[in-house]
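Hi,

Here is the structure I promised to pass on. Have a look at it first, and then read on for what turned up when I went through it.

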Amino acid sequence: MGLKVAIQMDPIDAIDIDGDSSFRIAEEAQARGHSLFFYTPDMLAYREGRVLAKGWPLEVRREKGNHFTLGAVAEIDLADWDVVWLRQDPPFDMGYITTTHLLDRIHPETLVVNDPTWVRNWPEKLKVLDYPDLTPPTAIARDLGALTAFKEAHGDVILKPLYGNGGAGVFKLTKEDRNLNSLHELFAGINREPLIMQKFLPDVAKGDKRVILIDGEPVGGINRVPAAGETRSNMHVGGRAEKTELTERDLEICARIGKDLKDHGQVFVGIDVIGGWLTEINVTSPTGLQELERFNGVNVTAKLWEAIEGRVGRA
């Protein structure tokens, strides 16, 4: 029997259908006979005990420039649906956090993927702190003195916003670099959030590996190689995806974190590994499905839906 699936995501007209994981998730759901409903995060609302979403019935197709059709606008009660996908991109700000609080009110009777409580409690760059032996030396601070002391201790470092995404605002500072004060001043003028600083890993030149886990089990990975002159490997800033295999170290990391992720409802997760070090655990809106499927010739998204269908069947 087909499921009723609502997808909370950014505007669908602007996506790249050859790379967007949300599109691939919707495409596979449709192929499996599930019905789709699309809405943007700003159309989620709580009203008198009900969690509502205003949006559209959705059909998708792999046709550039004509990749979706919307039905008549409607308001639905998400408690009446089987699955809600939490798929808008960060930044992980108070707007994002508020959507997790609202979706908490329907989960798990309506399965929210990923579990919104733990999406809220485990943002990408903070969940890794549970595994200090797997991660490079890390500091999280707003205080300039704390960041300066870390940089003096570790030499070359990476400085980035704690709740950013897509490689935005990421800086490499060498041991001799004198720009930390200016960058701290810049970030402090934008918001009141701390920054994250990590020891620079030279192996990033060889690539930043994205490993996909479904219900805590690794299903494959892609290597993202920085463009010439870049330290950032994100595809948004020119990184190149290439085929890769999972190493013993990758599998060791997955074995350490997998049960924790599964037990807390993180069905679809993408972790980042550089030179054998875990740098991020992406639970908000992971990417990489289409690249992994192209390289490996395996329908990974079908495995993802099998895990979700299994969870709905046990509810």
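A quick definition before anything else: buried means under 20% relative accessible area, exposed means over 50%, and partly exposed is in between, with a 1.4 Å probe and protein chains only. By that count, 51% of the 315 residues of the protein chain are buried.

Two housekeeping notes. This is a predicted model, where local features need pLDDT of at least 70 and side-chain atom pairs count only at pLDDT 80 or more, while totals for chains, interfaces and linings use all residues. Residues are numbered from 1 along each chain as its sequence is written, and side-chain values use heavy atoms, with hydrogens and water left out.

**The overall picture**

The chain has nine helices and 17 strands (DSSP runs numbered from the N terminus: H or I of at least four residues for helices, E of at least two for strands). Its radius of gyration is 20 Å, close to the 20 Å that the globule rule gives for 315 residues, so the chain is as compact as a globular protein of that length. That radius is taken over C-alpha atoms, and the rule is 2.2 Å times the number of residues to the power 0.38. Along the principal axes, the C-alpha atoms fill a box of roughly 60 × 45 × 40 Å. Taking contact as heavy atoms within 4.5 Å, residues 24 or more positions apart account for 67% of the contacts with a separation of 6 or more.

**The cores**

A nonpolar core here is a set of buried Ala, Val, Leu, Ile, Met, Phe, Trp, Tyr and Cys residues joined through side-chain atoms within 4.5 Å. The largest one has 35 residues, and those touching the most other members are Ala6, Tyr39, Leu78, Val84, Leu103, Ile271 and Ile281. Among the elements that give it two or more residues are strand S4 (50-60), strand S7 (83-86), helix H2 (94-104) and helix H7 (248-263). Another core, of 32 residues, lies apart from it and includes Val5, Phe38, Trp85 and Val300.

Leu103 is a handy place to start looking. Beyond its neighbours within four places in sequence, Leu103 is in contact with Gln8, Tyr39, Leu44, Leu78, Val84, Leu86, Val112 and Pro116.

Is Arg87 buried or exposed? Arg87 is buried, with a relative accessible area of 4%. Leaving out residues up to four places away, Arg87 touches Ile7, Gln8, Met9, Ser21, Ser22, Ile25, Phe268, Ser285 and Pro286. Arg87 and Val113 are 26 residues apart in sequence, with 8.4 Å between their C-alpha atoms.

The peptide bond from Pro90 to Pro91 is cis, with omega near 25 degrees. Phe92 is buried at 6% relative accessible area, and the C-alpha atoms of Phe92 and Tyr163 are separated by 5.4 Å although they are 71 residues apart along the chain. Tyr163 is also one of the residues that Phe92 touches, along with Ile97, Val119, Arg120, Pro123 and Thr284, again not counting residues up to four places away.

**The second largest pocket**

Tyr163 turns up here too: of the 16 lining residues, the closest to the pocket centre are Pro161, Tyr163, Gly164, Asn191 and Glu193. A pocket, on a 1 Å grid over the protein atoms alone, is an open set of points where a 1.4 Å probe fits, with protein on both sides within 12 Å along at least five of seven lines; lining residues have an atom within 4 Å of a point. About 200 Å³ of space lies in this one, the volume being the space filled by probe spheres set on the points.

A cis peptide bond joins His107 and Pro108, with omega about 10 degrees, and Pro108 sits in the loop between H2 and strand S8 (111-113). Glu48 is exposed at 75% relative accessible area, whereas Asp215 is buried at 12%. Just after H8, Gly297 takes a positive phi of about 65 degrees.

Happy browsing!
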